[in-house]
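Subject: Structure for you to look at

Hello,

Here is the structure I said I would pass on. Please open it next to this email; my notes follow below it.

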Amino acid sequence: MMLSLTAHNFPEGMAVAISALDDQRLGFVVMFAIAVHNIPEGIAISVPVLSATGSRWKALNMTLLSGMAEPLGAAVALLLTHTAGAPSEHAMNNL
């Protein structure tokens with residue numbers, strides 16, 4: 001579960017970064033929506049880890065590690081747009 005949600009979080013970070021590049025308000029809305037939906041994702045990781053290990057520390061660390069894929073995805077998106085140039089209006093409209 002942790003691996004699949006970590007893989008799922010990476011493109012979410014990219015989506016936040018790209019939408020914020022187009023419009024800061026849109027970026028905030030996307031960030032807020034993703035943050036709210038990350039609450040049950042964190043629970044989906046932490047509860048089984050806590051149940052299996054009895055360690056709150058391990059549950060917290062596993063959840064944190066999974067969530068760190070989002071800022072990494074955002075950084076990669078920003079690096080790619082910096083390297084390749086900002087996306088065109090046409091490209092943003094076709095997302």
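**How α1 and α4 meet**

In this predicted model, the axes of helix α1 (residues 2–22) and helix α4 (residues 69–84) come within 6 Å of each other and cross at roughly 45°. An angle under 35 degrees would count as roughly parallel, and 65 to 115 as roughly perpendicular; α1 and α4 are therefore oblique to each other. The crossing of α1 past α4 is right-handed.

Which residues of α1 and α4 make the contact? On the α1 side they are Thr6, Asn9, Phe10, Glu12, Gly13, Met14, Ala17, Ile18 and Leu21. On the α4 side they are Ala69, Glu70, Leu72, Gly73, Ala74, Val76, Ala77, Leu78, Leu80 and Thr81. Sorted by class, the contact between α1 and α4 has 12 nonpolar residues, 5 polar ones and 2 charged ones.

**The chain as a whole**

The chain has 5 helices and 0 strands. Read from the N terminus, its elements follow the order α-α-α-α-α.

How much of the chain is buried? Of its 95 residues, 26% are buried. The chain exposes about 6,400 Å², and carbon and sulfur atoms supply 72% of that area.

Contacts can also be sorted by how far apart the two residues are in the sequence. Among the contacts in the chain with a separation of 6 or more, 68% are between residues 24 or more positions apart. For a place to begin, find α1 and α4 in the view and follow the listed residues along each helix.

Regards

Note on methods: Residues numbered from 1 in each chain as written. Predicted model: local features only at pLDDT ≥ 70, side-chain atom pairs only at ≥ 80, totals over all residues. Heavy atoms only, no water. Axes fitted to C-alpha atoms, helices over the stretch in contact; angles between N-to-C directions. Helix = DSSP H or I, 4+ residues; strand = E, 2+ residues; numbered from the N terminus. Parallel < 35°, antiparallel > 145°, perpendicular 65-115°, else oblique. Left-handed = near helix turned anticlockwise from the far one by under 90°. Contact = heavy atoms within 4.5 Å. Nonpolar A, V, L, I, M, F, W, Y, C, P; charged D, E, K, R; others polar. Buried < 20%, exposed > 50% of the residue type's maximum accessible area, 1.4 Å probe, protein only. Areas by Shrake-Rupley, 256 points an atom, 1.4 Å probe, with all protein chains shown as cover.
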